[in-house]
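Thanks for making time this morning.

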Amino acid sequence: MTRGPALLFSILLASAAGPALGQGAVSALKGHNSNAPVDVEADRIEVQDRADRAIFSGNVNVRQADLTMNSARLTVAYSGGTSGTQIQRLDASGGVTVRSPSETARGSVAIYDLDRRLITMLGNVTLTQGANTVNGGRLVIDLDSGRSTIDGKGVGGASGGRVTGRFTVRPSGN
């Protein structure tokens, strides 16, 4: 793999003020080294060369620099060429958890489109940083701008959900 994917992502949650969270908070991945080596462990791997994909299943653990991702299944779509294998897309499913040193995101599905440099997480998404928590249906991180957005849309594009959050408040200096 000549192009190391940023498999993992985190959200820089707003501090106690919190209103910007989910409405344009800057992702901690904006400066993440997506060329860092990617280590994958799983109970099983199936390479489908004719379909240009590899499927990892069973207790999948991925690490890239300080970021980790755990899921039940990971599909890696790639293309081969004279310059080597190029990863195009990563799909993780089955109770996906993504961690950085300061944040954790959980959801049903995570999709990383390397060509568009977008990471999308779907299905009962929860983001936490310390005691701050935000819940929604879909999280989208643009790795170029660092902008992250969480909304109420769920798996299959279903809408109608709401974004909720709980934020810690700094004690006033009495």
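How many residues does the largest nonpolar core have, and which of them have the most contacts inside it? Please keep in mind, as we go, that this is a predicted model. The largest nonpolar core has 26 residues, and those with the most contacts inside it are Met69, Leu74, Leu90, Val96 and Met121. At least two residues of this core come from each of β4, β5, β6, β7 (104–113), β8 (118–129) and β9 (132–142), and β6 gives the most, with 5 residues.

Let me stay with Leu74 for a moment, as one of the residues named for its contacts in the core. Leaving aside residues up to four places away in sequence, Leu74 touches Ala54, Ile55, Phe56, Val60, Val62, Met69, Leu90, Asp91 and Ala92. Of these, Ala92 is the residue in β6 that stands opposite Leu74.

Now to the strands themselves. Strand β4, residues 53–64, and strand β5, residues 67–79, run antiparallel and are joined by 10 bridges, and one of the pairings is that of Ser57 with its bridge partner Arg73 in β5. These two strands form a hairpin with 2 residues between them, and in that turn Ala65 has a positive phi of about 55 degrees. On the next step along, β5 is joined to strand β6, residues 86–99, by 10 bridges, again in an antiparallel arrangement. The hairpin of β5 and β6 has 6 residues between the strands, and here Gly84 takes a positive phi near 110 degrees.

Two asparagines deserve a careful look in the backbone angles. Asn59, which is found in strand β4, has a phi near 50 degrees, a positive value in a residue other than glycine. Asn124, which lies in strand β8, has a positive phi of about 50 degrees, although it too is not a glycine. Are these asparagines buried or exposed? Asn59 counts as exposed because its relative accessibility is 54%, where the cut-off is over 50%, and Asn124 is likewise exposed, with a relative accessible area of 68%.

Which side chain does the side chain of Asp151 meet in a polar contact? The partner is the side chain of Arg138, at 2.6 Å.

Note on methods
Residues are numbered from 1 along each chain as its sequence is written. This is a predicted model: local features need pLDDT of at least 70, side-chain atom pairs count only at pLDDT 80 or more; totals for chains, interfaces and linings use all residues. Side-chain values use heavy atoms; hydrogens and water are left out. A polar contact is a pair of N or O atoms within 3.5 Å; within protein, one must be able to donate a hydrogen and the other to accept it, and residues adjacent in sequence count only if both atoms are side-chain atoms. Two strands pair if DSSP finds at least two bridges between them. Helices (H or I, at least four residues) and strands (E, at least two) are DSSP runs, numbered from the N terminus. A nonpolar core is a set of buried Ala, Val, Leu, Ile, Met, Phe, Trp, Tyr and Cys residues joined through side-chain atoms within 4.5 Å. Buried means under 20% relative accessible area, exposed over 50%, partly exposed in between (1.4 Å probe, protein chains only). Contact means heavy atoms within 4.5 Å.
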